[in-house]
Amino acid sequence: MKHNLKILEPEELAESLPQLLEEAEAVPLVISGSSMTPFLVHGRDTVYLSGVKEPLKRGDMAFYRRENGRCILHRVYRVEGACYTMVGDAQTQLEPGISPEQVCAVVTAVSRKGRLLQRGSFWWDFFETVWIRMVPLRPLAGNAYCFIKKLLGK
């Protein structure tokens, strides 16, 4: 089976996304950048984007366009009226004021370390429900992880 593979920059993808989502149920996007670490790793993992069918809720991952035109994949930290506050899994700085109109797509599946994950899988649920609540503690958690890793000599 022959596939037409075209690599797009995130901003190009955002422009093409409505048409791509008409042609396919989900559109793959290889992760670039480190803001969604530790759940998603740059160049290794792929997310599958689908059209937004209902309002987002805390923990959902969304592909959205900032006011400056840059496209980002982050998680919903808080829903405030008609707007979302977003944050990456590796970040502590919140980004408030994202309107539903800025959201291009929602993540419905992830290929992580070569395994397909969806809602209901352990790691998906952990990052969606537990990790999102640990934003203020993330630096501490990272330091503890590095300390234990060093202690074990790995």
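At 23% relative accessibility, Phe126 is classed as partly exposed (buried means under 20% relative accessible area, exposed over 50%, and partly exposed in between, with a 1.4 Å probe and protein chains only). The model is predicted, so local features need pLDDT of at least 70 and side-chain atom pairs count only at pLDDT 80 or more, whereas totals for chains, interfaces and linings use all residues. Residues are numbered from 1 along each chain as its sequence is written, and side-chain values use heavy atoms, with hydrogens and water left out.

Eight aromatic pairs are present in the structure. Rings of Phe, Tyr and Trp (for Trp, the six-membered ring) pair if their centres lie within 6.5 Å; planes under 30 degrees apart count as stacked, over 60 as edge-to-face and the rest as tilted. The pair formed by Phe122 and Phe126 is stacked, because the ring centres are 6.3 Å apart and the planes stand at 20 degrees. Both residues belong to helix H2 (residues 122-130), where a spacing of four residues separates Phe122 from Phe126 by about one helical turn. Helices (H or I, at least four residues) and strands (E, at least two) are DSSP runs, numbered from the N terminus. Phe122 is exposed, its relative accessible area being 58%.

A tilted pair is formed by Trp123 and Phe127, with 6.1 Å from centre to centre and 40 degrees between the planes. Trp123 and Phe127 are likewise four residues apart in helix H2, and about one helical turn separates them. Phe127 is buried, at a relative accessible area of 3%, while Trp123 is partly exposed at 38%.

A charge sits over a ring if NZ of Lys or CZ of Arg is within 6 Å of the ring centre and within 35 degrees of the ring normal. The ring of Trp123 has the charged end of Arg112 over it, 5.4 Å from the ring centre. The charged end of Arg58 is placed over the ring of Tyr77, at 4.9 Å from its centre.

The whole structure contains eight salt bridges (a salt bridge being a side-chain nitrogen of Lys or Arg within 4 Å of a carboxyl oxygen of Asp or Glu). Side chains of opposite charge can pair when their charged atoms come close. In one of the salt bridges, the closest N and O atoms of Arg65 and Glu15 are 2.9 Å apart. This pair links distant parts of the chain, with Arg65 in strand S3 (residues 61-65) and Glu15 in helix H1 (residues 10-23), 50 residues apart. Arg65 is partly exposed at 21% relative accessibility, whereas Glu15 is exposed at 60%.

Asp60, which is buried at 8% relative accessibility, forms a salt bridge with Lys57, the closest N and O atoms lying 3.3 Å apart. Lys57 is partly exposed, with a relative accessible area of 44%. Asp60 also forms a salt bridge with Arg119, for which the closest N and O atoms are 2.9 Å apart. Arg119 counts as partly exposed at 46% relative accessibility. Through shared partners, salt bridges join Lys57, Asp60, Arg119 and Glu128 into one network.

With a disulfide defined as a pair of cysteine sulfur atoms within 2.5 Å, the count comes to zero disulfides. A disulfide is a covalent bond between the sulfur atoms of two cysteines. The cysteine sulfur closest to that of Cys71 belongs to Cys104, at 5.2 Å, which is too far for a bond. Cys71 is buried at 7% relative accessibility, and Cys104 is partly exposed at 24%.

Phe147, Ile148, Leu151 and Leu152 make a nonpolar surface patch of about 470 Å². Patches are made of residues with over 30% relative accessible area and no salt bridge, like charges being joined within 9 Å and nonpolar side chains (Val, Leu, Ile, Met, Phe, Trp, Tyr) within 5 Å. Accessible areas come from the Shrake-Rupley method with a 1.4 Å probe, and for residues only the protein chains shown count as cover. Leu151 is situated in helix H3 (residues 138-151) and is exposed at 64% relative accessibility.
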